[in-house]
Amino acid sequence: MPERRVVAYIVLGLIVAVLCAYAMIVRADFIVYDDNSHVFENPGVTGGLTWQGIRDAFTKTHASLWLPLTWISFMLDVSLFGLNPGAMHAVNVAWHAASTVLLFLTLRRMTGKLWASAFVAALFGLHPLNVESVAWITERKNVLCAFFWIAAIAAYARYAERPRALPYSLALVAAVLALLSKPMAVTLPCTLLLLDFWPLRRARAVPAWRLVGEKLPFFALTAVASWLALHAQQTHAVVSFETVTIAGRASNALVSYVTYLGQCFWPARLGVFYPHPVDPQPVLAGGALVLLVMITGAAWWARKRSPYVLIGWLWYLGTLVPMIGLVQVGSQARADRFTYIPQLGIFFAIVWLVAERWPLKWVRALPVASASLLLACGFLTARQVSFWIDGTTLFEHTIAVTKNNPCAYANAGLHRARAGEWAAAIPHYQASLRLQPDQSMIWREFGVALVQLGKPKEAVALFRTGLQYDPADFGARYQLGLALQESGATEESVQTFEEILRDVPHSAGAHYHLALALESQGRKEEARTHLAEAARLAPNDAGIAKAMGELGRK
């Protein structure tokens, strides 16, 4: 059979395999964990694709992030499909499938190895570690960035074959698009340098100064992108050294390198959030450092006979640096999505090692072993996708596969409450607060659940506890006023709403509930004044209009 036809069949097989593994995700809902800030509560996205929206995507940050191409992609989704989570999930899967195919074609062109390239691409397309990047709408930034990263490599490979301005320019354009999707692509120039050694093998034929000089425009782009990313995140996303010490970061980074490596080979117990250890882990970190040094030494020793092992290992180590936690963004120890590009280095190293060093007497077993491995990956991926069907399932699964995870408990409770399952939310809130009592928002939501269950007096204590941790929490103060009113503590309710209005005088809700409390005390004139102000601030509120009419008849 002509190789061109074989390539076409492989491409079709890769697409079908990815679509089958992720088929269930089109039935999934939004996850109220960044999907809200990125998509359905993001005013820049919900209006669809407009010139103003495009301008804002480039000139403004949102959720402490500067991701112009990602925001524009979401805007286009809204214009085409509305706020349809199934369609947005499908778009993520389409980008992942496109990256899988492009990876295969690029590797085949660079190495000339058809089946090894196909197997690496299939591993990428079907590996369970990638489910978070594909099944989470928020991670559109990851799948977009990866596609343009691989596109930049494809264009650079063309340039390496025959240096011309067009493929070089296309590589630069793809690099820009990758960086506009997510600043994860800051290590792209380093991967291009690695590819010069293997498989492009330019290092011996081209002077070192030229190899480095070719990458200078790419490094300049990454420097700008890094500055923009840090500038966007410096408000609150970057964690201070007082919160997570240098020793704690270094320890967690070493352990994470080994953990990610283990998950590449045994992708079990995957969750959406892994809590950062409170203290450094010297024993684990020391063991991880020894293992990493040993692997690096072995890769260096084998560099002449098997250069792909060293290149793949350095790819893995290097591309993880921005996400390994030395600059800590967020409170997670690690995240499955961080391995989306780095794992490719491990796949290159292992697949080429097996392809070139597999004993001839076992060669007939190789296709069977490869197919079995890919089937297992596809099955595990489909199973992992099923946990992303809704937020409750996702976070309760994460609780089951992690330990001491206040974030997972809190979000499981929030999703239960969002579904109206107030009683089921409470045990999750309690577990989260036992582990991390300073979460003012969870105290507030716990109180709201008790109010919904007809226990306003118990809720009052919870709102007050939350306010001790965050006295400026307007929501907690507002809910406290409501709970006091429902529990019969009218005077305290009046005082609470009066205090709120001193700080937030334009709150229609506070004026309205203060009016109700004043009316219950017989202070009708004062109640009318506040109701009138509430009506002025919220002229379309039917409840306020009804209360105005009822008070006018008394």
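Is C377 buried or exposed, and what is its relative accessible area?

A: C377 is buried, because its relative accessible area is 7%, and buried means under 20%, with exposed over 50% and partly exposed in between (1.4 Å probe, protein chains only). Before we go on: this is a predicted model, where local features need pLDDT of at least 70, side-chain atom pairs count only at pLDDT 80 or more, and totals for chains, interfaces and linings use all residues. Residues are numbered from 1 along each chain as its sequence is written, and side-chain values use heavy atoms, without hydrogens or water.

You'll find C377 in helix α17; helices here are DSSP runs of H or I with at least four residues, numbered from the N terminus. Look across to A98, which sits 279 residues from C377 along the chain, and the two C-alpha atoms are separated by 19 Å.

Now stay with α17, which spans 365–386. This helix gives the most to the lining of the second largest pocket, 10 residues. A pocket is an open set of points on a 1 Å grid with protein on both sides within 12 Å along at least five of seven lines, a cavity is a set where a 1.4 Å probe fits but cannot get out, and lining residues have an atom within 4 Å of a point. The pocket's volume, meaning the space filled by probe spheres set on the points, is about 730 Å³. Its lining counts 29 residues, and F119, L123, V351, S370 and L373 come closest to the centre. Besides α17, at least two lining residues each come from α7 (114–126), α13 (246–265) and α16 (343–357). By class, 25 of the lining residues are nonpolar, 2 polar and 2 charged; Ala, Val, Leu, Ile, Met, Phe, Trp, Tyr, Cys and Pro count as nonpolar, Asp, Glu, Lys and Arg as charged, and the others as polar.

The largest has a volume of about 70 Å³, and its lining includes L103, T106, L107, M110, W315 and F348. The biggest share, 4 residues, comes from α6. That lining is 9 nonpolar and 1 polar, with no charged residue.

The second largest cavity, at about 60 Å³, has 11 lining residues, with W66, L67, P183, L228 and A229 nearest its centre. Helix α12 contributes the largest share, 5 residues.

The peptide bond from W198 to P199 is cis, with omega near 5°, and P199 lies in the loop between α11 (188–197) and α12 (208–233). D34 isn't a glycine, yet its phi is positive, about 80°. You'll spot D34 in the loop between α1 and α2 (35–40), partly exposed at 31% relative accessible area. A63 also has a positive phi without being a glycine, about 55°. A63 belongs to the loop between α4 (51–59) and α5 (68–81) and is partly exposed at 38%, while C377, where we started, is buried.
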